[in-house]
Amino acid sequence: MIICLSGENSFGLRAELDKLTAAVVDRYGDMALERLDGETASFERLQESLQSPPFLTERKMVVLRTPGANKRFAEQAGVLLETLPDTTDVIIVEPKLDKRGSYYKFLKKTTDFREFAELDEDGTARWLAEAARTGGGSIALADARFLVERVGVSQQLLGNELEKLLLYNPAITRATIELLSEATPQSSIFELLEAAFAGDTARALRLYSDQREQKVDTAQIVAMLTWQLRILALIKTAGGRSPQEQAAAAKLNPYVVRKTQPIAQRLSLARLKRLVADLLAIDVRSKRESIDVDEALQNYLLNLAE
């Protein structure tokens with residue numbers, strides 16, 4: 001058995017790897033598992049591990065992390081993997097592969113190739129619902145989406161929040177999410193911008209006040225606003241590329257792109273440039289002059305709503 005785990009969803013990839021290795025250790029013991037890092041192990045060490053028989057166990061599993069970093073391994077992978085002993089299973093972990101290369105094509109064709117792509121909002125919500133069921137609880141898809149919007153798309157963070165919610169009450173609702181979880185600053189900044197661009201100045205200023213009450217300083221708020229404006233600029237200048245293509249080019253989660261698109265569609269490029277220039281002016285003045293940055297940022301939000 002030769003399995004290749006690939007893709008940028010590190011949480012999903014790690015979970016699959018843990019499941020596969022745990023099954024081997026449970027059945028054959030710790031001696032049945034070998035782990036090697038392709039960036040540090042020599043070609044000879046990789047070759048020896050693959051071709052040597054198990055020691056004090058019936059079978060063994062060799063886990064190779066990024067063996068393609070070893071040029072000789074990438075070139076000779078076909079020979080090495082085709083001559084494996086019957087008692088050896090292999091897991092190749094290659095999170096990032098050049099899909100134009102022969103090494104990728106070989107792995108895709110000859111191994112049990114499992115790709116773990118980043119999840120979008122809907123995919124993450126479905127994953128949360130399934131994880132809740134596995135954990136003996138439940139969460140409606142609408143509430144799962146609310147949790148994603150509140151906490152972000154990190155599956156590691158969402159998994160931690162889900163565990164806490166399930167312990168409190170297996171039947172997770174929006175009320176328990178609001179009670180037990182805190183909105184991440186980045187998530188709240190997006191909501192703040194969304195409210196401002198929608199003309200809801202009262203909500204925008206309230207969200208700004210919430211940030212300050214959470215001890216988020218003005219410099220961090222400027223930085224997060226800058227990050228959001230950068231995403232808007234990338235989407236605005238993306239031409240006809242799909243959200244997936246935009247996300248890949250900008251190294252963003254597709255969920256972030258889809259969530260930001262409605263705002264980008266309402267903004268002209270000229271206005272977006274003015275907003276960037278105005279925020280830059282506040283940042284520069286805050287470092288050179290004695291100004292009330294809170295007041296400047298709140299006025300900036302009011303200008304967004306115009």
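**Group meeting: sheet, cores and ring pairs**

Helices (H or I, at least four residues) and strands (E, at least two) are DSSP runs, numbered from the N terminus. This is a predicted model, in which local features need pLDDT of at least 70 and side-chain atom pairs count only at pLDDT 80 or more, while totals for chains, interfaces and linings use all residues. Residues are numbered from 1 along each chain as its sequence is written, and side-chain values use heavy atoms, with hydrogens and water left out.

Is Thr 88 buried or exposed? Thr 88 counts as buried, at 2% relative accessibility. Buried means under 20% relative accessible area, exposed means over 50%, and partly exposed is in between, with a 1.4 Å probe and protein chains only. Leaving aside neighbours within four places in sequence, Thr 88 is in contact with Met 1, Leu 50, Ser 52, Arg 59, Lys 60 and Val 62. Contact here means heavy atoms within 4.5 Å.

Now the sheet. It is an open sheet of 5 strands in the order E2-E3-E4-E1-E5, with parallel pairing. Two strands pair if DSSP finds at least two bridges between them. Strand E2 (33-37) and E5 are at the edges with a single partner strand each, so one side of each has no neighbour in the sheet. On average, neighbouring strands of this sheet are turned by 15 degrees against each other, direction ignored. Axes are lines fitted to C-alpha atoms, for helices over the stretch in contact, and angles run from 0 to 180 degrees between N-to-C directions.

On the pairings themselves, E2 and E3 run parallel over 5 bridges, and the partner of Glu 34 in E3 is Val 62. E1 is joined to E4 by 5 bridges, again parallel, with Ile 3 bridged to Ile 91 in E4. E1 also pairs with strand E5 (residues 112-115) in the parallel sense, over 4 bridges. There, Cys 4 has Phe 113 as its bridge partner in E5.

Why is E1 described as largely enclosed by the rest of the structure? Because 5 of the 5 residues of strand E1 (residues 2-6) are buried. Both faces are covered, with Ile 2, Cys 4 and Ser 6 buried on one side and Ile 3 and Leu 5 buried on the other. Helix H1 lies across E1, E2, E3, E4 and E5, running at about 155 degrees to E3.

Next, two loop residues with positive phi. Leu 56 has phi near 60 degrees, positive although the residue is not glycine. Leu 56 lies in the loop between helix H2 (43-51) and strand E3 (60-65), and is exposed, with a relative accessible area of 70%. Thr 66, also not a glycine, has a positive phi of about 45 degrees. Thr 66 lies in the loop between E3 and helix H3 (71-82), and is buried, with a relative accessible area of 15%.

On to the cores. In soluble globular proteins, nonpolar side chains tend to be buried together. A nonpolar core here is a set of buried Ala, Val, Leu, Ile, Met, Phe, Trp, Tyr and Cys residues joined through side-chain atoms within 4.5 Å. The largest has 55 residues, of which Phe 197, Ile 221, Leu 232, Leu 297 and Leu 304 touch the most other members. Helix H11 (residues 218-236) supplies the largest share of this core, 8 residues. Apart from it lies another core of 22 residues, among them Ala 41, Ile 92, Leu 97 and Phe 113.

Last, the rings. Rings of Phe, Tyr and Trp (its six-membered ring) pair if their centres lie within 6.5 Å; planes under 30 degrees apart count as stacked, over 60 as edge-to-face, and the rest as tilted. How many aromatic pairs does this rule give? The count comes to 3. Phe 11 and Trp 127 form an edge-to-face pair, 5.4 Å centre to centre with 80 degrees between the planes. This pair links distant parts of the chain, 116 residues apart: Phe 11 is in helix H1 (residues 10-28) and Trp 127 in helix H5 (residues 121-134). Phe 11 is partly exposed at 24% relative accessibility, and Trp 127 is partly exposed at 21%. Tyr 104 and Phe 113 are also edge-to-face, 5.7 Å centre to centre and 90 degrees between the planes, and both are buried.
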